[in-house]
Amino acid sequence: MFKPASFVVLLSLVATPIFAATDCAAMQGCERKFCEIQHEQLKTDLQQELSEAEQDLAEYQADLQQAQQDADADKITKYEGKMTEERRKIAELQQQLTELE
């Protein structure tokens, strides 16, 4: 399902290297302020997406535990895969945040 926040993260994935490489302090006036605002917005969006991913991971963990209790091999495989993907996403988001700081 498409989430508006996903679009922001997708945009930030494309834009992050540009802003990470851009030193707002080297700019002046309105250009500098615009750069700083965009930088902070990217950080905020990434932090929100990271929080959502961590919540999703916790939900998948609970679902996995239920599947294990039910001995449902298909669901166990499904949720293990979802957790692996969510951990990868979390690692990418954390890396992007690190690069912005």
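1. Is C35 buried or exposed? C35 is buried, because its relative accessible area is 3% and the cut-off for burial is under 20%. The coordinates come from a predicted model, so the points below should be read with the confidence values in mind.

2. Confidence. The protein chain has a mean pLDDT of 84, with 78% of its residues at 70 or more. Over residues 6–21 the pLDDT stays under 50; for this stretch the model has 19 contacts beyond four places in sequence.

3. Disulfide. The count comes to one disulfide, and it joins C24 to C35 with an S to S distance of 1.9 Å. The angle about the S-S bond is -70°, a left-handed link. The two cysteines are 11 residues apart and belong to distant parts of the chain: C24 sits in the loop between α1 (4–21) and α2 (29–69), whereas C35 is in helix α2.

4. C30 is exposed, because its value of 70% lies over the 50% cut-off.

5. Helix α3, length. This helix covers residues 73–100, which is 28 residues. At 1.5 Å a residue it should span 40 Å, and the end C-alpha atoms are 41 Å apart, so the two values agree.

6. Helix α3, N-terminal end and burial. D72 caps the N-terminal end, with a side-chain oxygen 3.3 Å from the backbone nitrogen of D74. The buried residues of α3 include I76, Y79, M83, E86, I90 and L93. Residues three or four places apart in an α-helix point the same way, because there are 3.6 residues a turn. Q96, L97 and L100 are also among the buried residues of α3.

Notes: Residues numbered from 1 in each chain as written. Predicted model: local features only at pLDDT ≥ 70, side-chain atom pairs only at ≥ 80, totals over all residues. Heavy atoms only, no water. Helix = DSSP H or I, 4+ residues; strand = E, 2+ residues; numbered from the N terminus. Expected span 1.5 Å × (residues − 1). Buried < 20%, exposed > 50% of the residue type's maximum accessible area, 1.4 Å probe, protein only. Polar contact = N/O pair within 3.5 Å; in protein donor to acceptor, adjacent residues only side chain to side chain. pLDDT = per-residue confidence, 0-100. Contact = heavy atoms within 4.5 Å. Disulfide = S-S within 2.5 Å.
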